[in-house]
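Please keep the sequence and the structure in view while reading.

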Amino acid sequence: MDIKKMWLCTRPVAHRGLHTDDKPENSLAAFVNACEYGFPIETDVQAIDDGTVIVFHDDNISRMTSHDGYVSNLTSDKLNELRLAGTDEKIPTFEQLLETVNGKVPLLIEIKNEGKVGFLEQKVIDMLSSYNGDFAVQSFNPYSMEYFKKNASDIIRGQLSMVMTKNNMSGAFKRFMFNSLKIAKISSPDFISYNAPDLPNKKVAKLNIPTLAWTVRSNTEMEKVSPYCDNIIFENFIPVKTNE
């Protein structure tokens, strides 16, 4: 399997869908928009209180809704009451995302799990088992990707990372594991998704696996990081290579 020849390395990936002011991030409208443009979709999944897998990035719902509270405390009934960023868009379930995209474009699915692995990961594996489309998974949590390696090794998996400081990660040993990329020994990733401003990075290059740069927000940023990555995860612009 030559990942460098696959969509993961050849087609820019829309961060949380191709979102705009009236098509909020991680909304069905943003996903439909990405499909219409033909861009693969990066998105986030996590489990709520009743076990439903939803598509949402933050731990708290306050930034994207007019309510406050933790995602982990939500129930399916509550989802129907919430609206994203002042629009009519609701928080989608993972099932709704799969039904909406339905193989039109590939999916890059971030597993949002900082706790015990197993439940969310297995739910995603089970839901993807009958999905007719291209996809890959990724996570900051190397043990989440280790679970996929052990239980669904055929699914392409990636390690998310960046240069960790005291401001974005507590624990000196944990920061060391990320900054040295020794976490890759746990996750055994097929690719790495790395913070664009932290590239180039010798540790990333030493892994010798495809590199995706996130999150790129302009053509200028894209041209700057392109020599150090195989593809980008982008938002707020439509990627256009100047040499085309």
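## Terms and model

Contact here means heavy atoms within 4.5 Å, and helices are DSSP runs of H or I with at least four residues, numbered from the N terminus. The model is predicted, so local features need pLDDT of at least 70 and side-chain atom pairs count only at pLDDT 80 or more, while totals for chains, interfaces and linings use all residues. Residues are numbered from 1 along each chain as its sequence is written, and side-chain values use heavy atoms, with hydrogens and water left out.

## Helix 5 and helix 6

In helix 5, E121, Q122, V124 and I125 meet S144, Y147, F148 and N151 of helix 6. By class, this contact has four nonpolar, three polar and one charged residues, where Ala, Val, Leu, Ile, Met, Phe, Trp, Tyr, Cys and Pro count as nonpolar, Asp, Glu, Lys and Arg as charged, and the others, Gly among them, as polar.

The axes of helix 5 (residues 119-128) and helix 6 (residues 142-151) come within 10 Å and cross at roughly 45°, which means that helix 5 is oblique to helix 6. Axes are lines fitted to C-alpha atoms, for helices over the stretch in contact, and angles run from 0 to 180 degrees between N-to-C directions. Angles under 35 degrees count as roughly parallel, over 145 as roughly antiparallel, 65 to 115 as roughly perpendicular and the rest as oblique.

## Helix 4 and helix 5

Helix 4 (residues 94-101) packs with helix 5 at an angle of about 30°, their axes being 11 Å apart, and the two are therefore roughly parallel to each other. F94, E95 and L98 of helix 4 make the contact with V124, M127 and L128 of helix 5, and these residues divide into five nonpolar, no polar and one charged.
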